[in-house]
There are 2 protein chains.
Amino acid sequence: MGTEEAGGPVAQEPVTVWARPERGARGPAAVHSRAELTTVAVQLADESGLSAVSMRHVARVLGTGPASLYRYVSGRDDLLDLMADAVTGEIDLDVPLSGDPVPDLAALAVRTKAVHLRHPWLSDIPPEPLRLGPRGLNYLEYALRAMAGVPLPGGTKMEIVALMNALVTQFARAELRGGGADTGRQAAQAAYLNETVARGDHPHVAAALADRTETEPVFDRTMRRVLTGLVPPTQ
Amino acid sequence: MGTEEAGGPVAQEPVTVWARPERGARGPAAVHSRAELTTVAVQLADESGLSAVSMRHVARVLGTGPASLYRYVSGRDDLLDLMADAVTGEIDLDVPLSGDPVPDLAALAVRTKAVHLRHPWLSDIPPEPLRLGPRGLNYLEYALRAMAGVPLPGGTKMEIVALMNALVTQFARAELRGGGADTGRQAAQAAYLNETVARGDHPHVAAALADRTETEPVFDRTMRRVLTGLVPPTQ
DNA sequence: CCATAACTGCGATCGACGTTCGCAGTTTCT
DNA sequence: AGAAACTGCGAACGTCGATCGCAGTTATGG
């Protein structure tokens with residue numbers, strides 16, 4: 001079992017959606033398309049969360065059976081790839097760069113966060129190593145271009161981008177938390193927290209909970225500070 | 001349906017594992033315990049990843065049926081709570097604080113990352129808002145104590161802790177990526193990346209991929225830089 | 001011009017999952 | 001002693017991702 005040696009027909013070596021052609025040259029015209037699947041999936045996720053994006057559900061919306069989707073996509077993972085890349089494409093990369101890395105990256109982060117707020121499920125996609133489609137590549141290119149003059153090894157630059165995105169996700173989640181209704185689960189969690197803290201141990205936690213002043217526009221400032229700490233001045 | 005008003009028996013309002021007593025006072029002695037479930041679940045996850053932690057699998061290891069687990073735990077989510085809190089308890093919080101927030105937090109981050117490396121599945125647990133058990137609370141208390149003298153509102157301090165943990169997760173994932181064998185999926189992704197980059201667009205990505213020099217001990221330094229940017233000097 | 005190969009949609013089905021119900025047996029409280 | 005609160009757990013439900021195989025369709029090669 002597993003991988004076969006040369007000889008038999010190679011048993012479906014795993015390939016990215018991006019590397020596999022959407023259609024062959026032979027058969028009848030396809031009724032749907034990857035773009036259509038993607039649109040439906042994104043819509044579904046926007047309305048009802050990522051868990052609503054199941055093969056069956058998408059198929060039902062498309063008016064077909066679950067098995068049909070596998071003609072367009074090798075599985076659910078591919079669908080997630082398509083979705084993530086699609087909304088990544090919503091980030092405007094035509095904004096000219098000033099040449100100063102920190103504000104340029106911070107501005108990019110702001111635009112990225114906007115996408116996360118528009119598509120909250122984006123933070124829920126399990127972060128595979130290297131989920132990077134064409135749009136994602138363009139994004140990476142733009143971010144690296146912003147750091148063109150920075151005297152840092154390439155690996156470090158890419159880590160900075162990854163780190164930046166982690167912060168974006170973090171802040172997006174925090175902002176979404178405030179707006180959304182409590183799921184009941186987090187209400188219970190909050191109740192436990194208050195109850196435990198009221199018991200008297202954890203004085204610092206109690207103090208921190210006490211003087212929570214609403215500080216709104218911290219994102220941009222925080223982003224700038226972090227980036228300033230990471231990116232050495234262009235020489 | 002949904003939430004009932006006072007009158008009937010309240011239909012199982014959701015409560016945290018931590019708030020629900022492990023055992024009632026009446027019935028026969030329980031064969032297992034939450035601690036036992038947790039141990040098994042953690043072991044399973046350590047060996048075969050988080051997806052191996054299913055009610056059925058855990059039950060099988062325990063030599064019982066899936067339904068039995070629901071006497072100890074209200075569902076899989078509770079099990080994840082228990083697991084996360086258990087390994088959080090592995091972080092040494094008896095290390096004395098120097099009073100200087102940045103190195104103290106950086107050191108805490110290093111210890112936290114070690115736990116992530118020991119339990120890779122920790123990064124895979126879907127980050128619910130406020131998954132905070134008793135050990136997690138102790139952790140938070142320690143981190144806030146490290147920032148005791150810092151003139152910052154409590155909410156901001158907690159955001160700093162969250163941010164710190166996000167970075168830890170990020171770096172842990174990066175380190176684990178290098179060591180682990182390619183899943184075939186990420187091999188395919190890498191292949192697509194190389195192929196696309198070789199086509200000539202994305203020159204900055206190509207450049208970054210080219211001069212990736214192995215830079216090892218960046219974590220501590222990066223952590224310090226970020227924290228220095230975020231934490232104002234104690235006054 | 002037709003046989004062949006490559007494709008299409010998709011019903012039927014598989015195995016695994018989380019979770020609920022109901023029942024028989026056990027222990028404690030009043 | 002009786003009621004109440006618990007225990008383990010077999011059976012079942014609904015949903016999920018994924019595969020197989022078949023009938024129909026289209027392009028290609030001789």
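How many residues does helix 5 of chain B have, and how far does it reach from its first C-alpha to its last? Select residues 101-118 of chain B: this helix has 18 residues and reaches 26 Å, close to the 26 Å expected at 1.5 Å a residue. The expected span is 1.5 Å times one less than the number of residues. Helices (H or I, at least four residues) and strands (E, at least two) are DSSP runs, numbered from the N terminus.

A note on conventions is in order. The model is predicted: local features need pLDDT of at least 70, side-chain atom pairs count only at pLDDT 80 or more, and totals for chains, interfaces and linings use all residues. Residues are numbered from 1 along each chain as its sequence is written, while chains are lettered from A and ligands numbered from 1 in the order in which they are written.

**Around helix 5 of chain B**

Remain on this helix and colour its buried residues, among them Pro101(B), Leu105(B), Leu108(B), Thr112(B) and His116(B). A residue is buried if 20 or more other C-beta atoms, placed from the backbone, lie within 10 Å of its own; it is exposed if 12 or fewer do, and partly exposed in between.

**Chain A as a whole**

Select chain A, which contains 10 helices and 0 strands. Its C-alpha trace spans about 70 × 55 × 35 Å along the principal axes. The radius of gyration, taken over C-alpha atoms, is 22 Å, whereas a compact globule of 235 residues would have one near 18 Å by the rule of 2.2 Å times the number of residues to the power 0.38. Buried residues account for 31% of the chain.

**The meeting of chains A and B**

Now show both protein chains: 57 residues of chain A are in contact with 56 residues of chain B, contact requiring C-beta atoms, placed from the backbone, within 7 Å. On the chain A side, helices 6, 7, 8, 9 and 10 each give two or more residues. The largest share, 13 residues, comes from helix 7 of chain A. This side divides into 31 nonpolar, 16 polar and 10 charged residues. Here Ala, Val, Leu, Ile, Met, Phe, Trp, Tyr, Cys and Pro count as nonpolar, Asp, Glu, Lys and Arg as charged, and the others, Gly among them, as polar.

Of the interface residues of chain A, 98% are also interface residues in chain B, so the copies meet through the same surface. A rotation of 180° with 0.1 Å of shift along its axis superposes chain A on chain B (RMSD 0.1 Å), by least squares on the C-alpha atoms of residues with pLDDT of at least 70 in both. The two copies are thus related as by a two-fold rotation axis. Centre on Val226(A), whose C-alpha is the nearest to the axis in chain A, 2.5 Å from it.

**The DNA strands**

Select DNA strand C and the 27 residues around it; Gly24(A), Gly27(A), Thr64(A), Ala67(A) and Ser54(B) come nearest. A residue is near a strand if its C-beta atom, placed from the backbone, lies within 6 Å of it. Helix 2 of chain B gives the most to this surface, with 3 residues.

Finally, move to DNA strand D, surrounded by 28 residues, of which the closest are Ser54(A), Gly75(A), Gly24(B), Gly27(B) and Ala67(B). This surface divides into 11 nonpolar, 10 polar and 7 charged residues.

Technical notes. Contact = placed C-beta atoms within 7 Å.
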